[in-house]
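Please report on the pockets, the cavity, the domains and selected local features of the structure shown here.

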Amino acid sequence: MDLVIIPAGVPRKPGMTRDDLFNINAGIVRTLIEGVAKHCPRAIINIISNPVNSTVPIAAEVLKKAGVYDPKRLFGVTTLDVVRANTFVADVIGVDPKMVDVPVLGGHAGITILPILSQATPKFTFTDKEVAYLTNRIQNGGTEVVEAKKGAGSATLSMAYAAAKFAESCLRALQGESGIVECAYVDCEVTELPFFATKVRIGRSGIEEIYPLGPLNAHEREGLEKLKPELHESIQKGVKFVQNPPAPKS
């Protein structure tokens, strides 16, 4: 395989957090990545299984144990956050969502999702009320769907669209197309955290360039500092799951 996409696991139900999914989905991701390490260690890997903030570090640790880890080829798919941001911003400013591009940084759960509205294109000045509304809606878009479906499912259709969109970008890059830039949760040094969602340029060998966060306004800088402890904890949870696996139930 040149590209492995992992959406496996259980979806969220009403009242569940992404952490509630951890014990089930962490084991599934670990097992699948062990298979990737053995059979196609050079593949580009797209991790969709939640909680992405933890499952990507799990994948990295499994690949390290197998001696085949290449940080340029491991992606946590956060495209759904970008799709939501583009859609909700387009609704507020009254344009087609295809015309909008909002970078979404950080992670892929709750307050770790940080939409950078100040860097949105087209350029638009949002009121404080609009910023608060949009940030909250983008961060809690998944919960909104889970609650609307009343236990009958989660955000499967929009996630499938986002997953296909990101996978297509990876395939185009593998075929040699240049200038492909997406937001993704990756092993990087844009902050002091070992994993972070930021803009990356994708090429034949995976990540070719990791972009810095760029200028942030006061609201975004505050959001960045708020998300760091939670994201750090989620990363460590994933690392510990592989390094100190839980004892099997008797």
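Helix 6 makes the largest contribution to the lining of the second largest pocket, with 4 residues. Helices here (H or I, at least four residues) and strands (E, at least two) are DSSP runs, numbered from the N terminus. A pocket is an open set of points on a 1 Å grid over the protein atoms alone, with protein on both sides within 12 Å along at least five of seven lines; a cavity is a set of points where a 1.4 Å probe fits but cannot get out, and lining residues have an atom within 4 Å of a point. The model is predicted: local features need pLDDT of at least 70 and side-chain atom pairs count only at pLDDT 80 or more, while totals for chains, interfaces and linings use all residues. Residues are numbered from 1 along each chain as its sequence is written, and side-chain values use heavy atoms, with hydrogens and water left out.

The volume of the second largest pocket is about 400 Å³. Its lining has 23 residues, of which Pro11, Asn50, Ser154, Ala155 and Met159 are the closest to the pocket centre. Two or more lining residues come from each of helix 3, helix 5 (141–148) and helix 6. A volume is the space filled by probe spheres set on the grid points, which are joined across faces, edges and corners. The second largest pocket lies between domain 1 (3–77 + 234–240) and domain 2 (79–231), because both give residues to its lining. Domain bounds come from an automatic or database domain assignment.

The centres of the two domains, taken over C-alpha atoms, are 19 Å apart. In their contact, domain 1 takes part with 26 residues and domain 2 with 35 residues. Contact means heavy atoms within 4.5 Å.

The largest pocket has about 490 Å³ of space. Val82, Asn86, Val100, Asp101 and Lys165 are the closest to its centre among the 22 residues of the lining. Helix 3 (79–93), helix 6 (156–174) and strand 6 (180–187) each give the lining at least two residues, and helix 6 gives the most, with 5 residues.

One cavity of 30 Å³ or more is found in a search of the whole structure.

The table gives the linings by class. Ala, Val, Leu, Ile, Met, Phe, Trp, Tyr, Cys and Pro count as nonpolar, Asp, Glu, Lys and Arg as charged, and the others, Gly among them, as polar.

| Lining | Nonpolar | Polar | Charged |
|---|---|---|---|
| Largest pocket | 10 nonpolar residues | 4 polar residues | 8 charged residues |
| Second largest pocket | 12 nonpolar residues | 8 polar residues | 3 charged residues |

Proline 51 sits in the loop between strand 2 (44–47) and helix 2 (52–65). A cis bond also runs from threonine 121 to proline 122, with omega near 0°. Proline 122 belongs to the loop between strand 5 (113–115) and helix 4 (128–139).

Helix 2 has 14 residues, and at 1.5 Å a residue these should span 20 Å; the end C-alpha atoms are 20 Å apart, which agrees. The expected span is 1.5 Å times one less than the number of residues. Because 12 of its 14 residues are buried, helix 2 is largely enclosed by the rest of the structure. Buried means under 20% relative accessible area, exposed over 50%, and partly exposed in between (1.4 Å probe, protein chains only). The buried residues of helix 2 pack against helix 1 (22–39), strand 2, strand 3 (74–76), strand 6, strand 7 (195–203) and helix 7 (218–243). Glycine 67, with a positive phi near 75°, follows helix 2.

Asparagine 46 lies in strand 2 and, at 1% relative accessibility, is buried. Leaving out residues up to four places away in sequence, asparagine 46 touches Leu3, Val4, Ile5, Ile6, Phe75, Val77, Phe166, Ala167 and Cys170.

Glutamate 222 is in helix 7 and is partly exposed, at 46% relative accessibility. Its C-alpha atom is separated by 26 Å from that of threonine 55, 167 residues apart along the chain. Threonine 55 is one of the buried residues of helix 2.
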